[in-house]
Every structure is written in C-alpha cells, then in structure tokens.
Amino acid sequence: MGSEPEEKKVEMKKELNVVELTCMGVGGIVGAGIFVISGQAAATYAGPAIVLSFALAGACCVVYALCFAELAAMVPISGSAYTYTRVAFGRFPGFLIGWALIVEYLFAAAAVAVGWSGYVGSLFKSVGLPIPSVIGLAPFEFGENHGLRATGDVINLPAVLLVVAATIVVGVGAKTSSLATTIAVGIKMTVIVVFVVAGAFFVKPENWDPFIPESEEFGHYGWSGVIRASSIIFFGKLRSHLRLLCDDRC
C-alpha cells in the first residue's frame with residue numbers, strides 16, 4: 001500500500017531583517033489609530049479622558065502582545081493566528097481564522113484609506129484646490145442610528161488611489177514593500193514628534209474641565225464613553241501582528 005504524499009515545504013526568500021520587520025509592526029500601529037481614530041474618539045465619546053482610553057487600550061495591547069509572543073515561541077513559523085489555530089485545532093478552524101484575518105485587514109485598510117483621503121482633501125482645500133465631493137466622498141455613509149444612507153456622491157477617489165498604489169507596492173516584492181513601510185514609519189514618527197513639540201505651546205488646561213464629561217447616553221462620554229473610545233483605539237492597533245506573517249522572510 002502506498003503511503004500518503006508528504007506536503008512539500010516551501011521556504012520564502014530571506015529578504016528582510018529585524019529592523020524592517022519591526023518597522024512593519026510599528027507601521028501597522030502608528031497610523032489610523034493616532035492620526036484619525038483618536039480625534040474622533042475624543043470628540044465623540046471620551047473628551048479629555050481620551051488619555052484614559054489610550055491607557056486602557058495600551059494595557060490590552062500588552063496582554064495581546066504577550067499572548068502572540070508566547071504562541072510565536074511555541075510555533076516558530078509564520079502565519080500569525082491562522083497558523084496557531086491550525087496547529088491547535090486543525091485545518092478547518094485554521095481556514096476560518098485565515099479568512100477572518102483577511103476580513104480584518106479589509107476593514108482596517110478601508111479605515112486607513114478613508115482617513116488618509118480626509119487629510120488629502122483638507123490639504124488640497126488649504127491650497128485653494130478643493131476636491132469635489134462627488135469624487136472625494138463615499139456614496140454611502142452611516143447615519144445617526146447606524147443606518148446606511150446614500151450621500152449623493154459617486155466615489156472616494158483619493159482612498160481608491162491609495163489602495164491601488166499600496167497594492168502595486170506590495171505586488172512588486174517584499175523588499176520594496178518593506179522599504180516603503182520603513183520610509184512611511186520614519187515620516188509618521190517625525191510628524192508625531194513635531195506635533196507634540198509644537199503643540200506643547202498651545203495646551204490650555206482649562207479645556208480639561210470636566211475631565212470626564214457627563215454621560216449624555218450610554219457610550220457617549222462618562223466611563224462608558226471612555227471604554228468605547230478605548231475599544232475604537234484598540235481596533236487601530238490590531239494590525240501589529242502583521243509582522244508575524246513575514247517571519248519566514250527574515
């Protein structure tokens with residue numbers, strides 16, 4: 001009787017180093033979570049207590065990172081949650097988690113693209129070249145009661161162009177993608193440092209009162225708003241395990 005054929009192991013080309021992998025992880029964290037989502041969370045849910053939301057989200061990220069560190073040490077191959085689930089529970093659960101990760105990246109990429117589009121629109125508007133809303137905003141949006149409604153616009157063209165450009169960069173190769181990520185991380189960290197240093201001269205402590213605004217309804221200000229804001233901020237950090245998909249490249 002013939003034995004079952006063994007699965008052929010395919011090794012990825014070693015193109016990345018530790019610094020480049022680290023930049024991939026940082027690039028997945030420093031982005032929408034700081035530049036876009038934090039402002040929305042502060043204005044809508046937490047108020048000045050957004051610092052508590054960041055602290056809570058940071059504590060969750062520490063536990064999240066420790067769990068992945070332990071799993072990566074136990075199963076030292078790339079694949080992130082997909083690999084760990086497949087090893088622990090089998091192929092079908094791994095298959096489900098793999099597709100869940102794809103959906104996660106889909107929503108994360110959409111959030112980043114829309115946030116980036118907003119900044120591009122503001123930039124063009126500041127120089128006197130506003131982008132028409134018909135090609136600068138999405139055709140649908142969520143209303144006050146989370147209902148989907150038409151906006152009358154056609155396409156968010158800046159967001160689409162960003163996704164296309166990122167897809168081309170990723171398709172060229174891991175090394176090119178890593179270089180682009182490293183450059184982007186350098187730019188983002190520089191922007192954050194400049195913002196903090198320059199913004200320190202415009203701090204008005206009187207705006208911190210009340211530190212935790214009185215809750216208008218559940219999830220809007222108060223402690224429920226702080227927790228809701230922390231969950232939104234944590235969403236912006238979930239792509240930190242992206243580097244675990246690239247371990248075989250190092």
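Modeller: A helix here is a DSSP run of H or I with at least four residues, and helices are numbered from the N terminus. Please note that this is a predicted model.

Biologist: Where does Ile 135 lie?

Modeller: Ile 135 is placed in helix 7, which spans 133–136.

Biologist: Why is Ile 135 called partly exposed?

Modeller: Buried means under 20% relative accessible area and exposed means over 50%, with partly exposed in between. Ile 135 has a relative accessible area of 33%, and is therefore partly exposed.

Biologist: What makes the nonpolar surface patch?

Modeller: The patch covers about 790 Å², and its residues include Val 134, Ile 135, Leu 157 and Val 172. Helix 7 and helix 8 (157–172) are the elements that give two or more residues to it. Helix 8 provides the largest share, six residues.

Biologist: How do you know that the span of helix 8 is close to the expected one?

Modeller: Helix 8 has 16 residues, and 1.5 Å a residue gives an expected 22 Å. From first C-alpha to last, helix 8 reaches 23 Å, which is close to that value. Just after helix 8, Gly 173 takes a positive phi of about 155 degrees.

Biologist: Which residues make up the largest nonpolar core?

Modeller: This core has nine residues in all, among them Ala 41, Ala 46, Val 226 and Ala 229. Helix 3 (37–46), helix 4 (50–74) and helix 10 (222–235) each supply at least two of its residues.

Biologist: What does Ala 46 touch?

Modeller: Leaving aside residues up to four places away in sequence, Ala 46 touches several residues, including Ala 41, Phe 211, Val 226 and Ala 229.

Terms used:
Residues are numbered from 1 along each chain as its sequence is written. This is a predicted model: local features need pLDDT of at least 70, side-chain atom pairs count only at pLDDT 80 or more; totals for chains, interfaces and linings use all residues. Side-chain values use heavy atoms; hydrogens and water are left out. Patches are made of residues with over 30% relative accessible area and no salt bridge: like charges are joined within 9 Å, nonpolar side chains (Val, Leu, Ile, Met, Phe, Trp, Tyr) within 5 Å. Accessible areas come from the Shrake-Rupley method with a 1.4 Å probe; for residues, only the protein chains shown count as cover. A salt bridge is a side-chain nitrogen of Lys or Arg within 4 Å of a carboxyl oxygen of Asp or Glu. Buried means under 20% relative accessible area, exposed over 50%, partly exposed in between (1.4 Å probe, protein chains only). The expected span of a helix is 1.5 Å times one less than its number of residues. A nonpolar core is a set of buried Ala, Val, Leu, Ile, Met, Phe, Trp, Tyr and Cys residues joined through side-chain atoms within 4.5 Å. Contact means heavy atoms within 4.5 Å.
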